[in-house]
Amino acid sequence: MKDQVEDFIHYLHVERGLANNTIQSYRRDLNQYLAYIRDAEKVTHWQDVSRTMITKYLYNLKDEGKAPATLARQTASIRSFHQFLLRENIVNHDPSHHVGVPKAERRLPKVLSLSEVEALLSSPEANTPIGLRDQAMLETLYATGIRVSELMGLNIEDIHLTMGFLRCMGKGSKERIIPLGRMALKAMKQYIEEGRPKLLRNKQQEALFLNHHGNRLTRQGFWKILKQLSLNAGITKSITPHTLRHSFATHLLENGADLRSVQEMLGHADISTTQIYTHVTKQRLKEIYTNYHPRA
């Protein structure tokens, strides 16, 4: 079996003219693969290799913590090698034909604790127009879970203070109506009545959230604001504009909200996207159990 690997390496060098570094990568990948097939699967001829064996090998690499790029390269090496064996009539089938790269597990989104949310929402200086704006933005993000792009796209007419909701346009130009909580309504009302008029330069401006120049605040502008406010709040973990959206969904589910309602508020087309937050809440339950159960 080792001879066929060396024949393939020779083919890559002579017929395909690949760079030496690339050839060495193939050699390392295939020698590692060969060792698994011989030692773990007890196979003595490439004809006897099955798709299941290849899949098990790749998942073993995944379980060892190999990076997605490494898994993709290993898969490509194995496919190329088995195609070579088939062309050379060393085998009569290609077991790697339908083998896919093992999917990386979805990373759980970072969320803030309730105390961190309180610290962040309290960090703007509420006695300045900018502070009123920042507080209204943070309260709205946490109260509604809308995306930052949706927040920046809000116009003054999208806020209905008396009815207590906002209207936003999500992905695919889908309109959502989302309730505003008591604290978000209070912050929004104060900003619209006291903060926004002092930032406004052009009465024709429709944007809800304005920068120093009276123009619509951008996502990049909000990102800078969030970084500074999180520092002011003493939050050490790295957070992004999406963190409040994640925290909104997680805290709702932790307090008993049903998945469908959270899906509707987040504007997810597929509930499977929303289900990532159930993993977060399960992880939190496990932490609570471990920390507080006397027999844990």
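**View 1. N211 and the backbone of H213.** A polar atom of the N211 side chain lies 2.9 Å from the backbone nitrogen of H213, a polar contact (a pair of N or O atoms within 3.5 Å; within protein, one must be able to donate a hydrogen and the other to accept it, and residues adjacent in sequence count only if both atoms are side-chain atoms). The model is predicted: local features need pLDDT of at least 70 and side-chain atom pairs count only at pLDDT 80 or more, while totals for chains, interfaces and linings use all residues. Residues are numbered from 1 along each chain as its sequence is written, and side-chain values use heavy atoms, with hydrogens and water left out.

View 2. N211 sits in the loop between α8 (182-199) and α9 (219-232); helices are DSSP runs (H or I, at least four residues) numbered from the N terminus. Its relative accessibility is 17%, so N211 counts as buried (under 20% relative accessible area, 1.4 Å probe, protein chains only). Leaving aside residues up to four places away in sequence, N211 touches R133, L199, R216 and L217, where contact means heavy atoms within 4.5 Å. The C-alpha atoms of N211 and L199 are 7.1 Å apart, with the two residues 12 residues apart along the chain.

**View 3. Q74 in helix α4.** Q74 belongs to helix α4 (residues 68-87) and is buried at 2% relative accessibility. The side chains of Q74 and Q32 are joined by a polar contact of 3.3 Å. Beyond four places in sequence, Q74 touches D29, Q32, Y57, L58 and L61.

**View 4. R147 between α6 and α7.** R147 lies in the loop between α6 (129-144) and α7 (148-152). With a relative accessible area of 9%, R147 is buried.

Note on methods
Helix = DSSP H or I, 4+ residues; strand = E, 2+ residues; numbered from the N terminus. Buried < 20%, exposed > 50% of the residue type's maximum accessible area, 1.4 Å probe, protein only.
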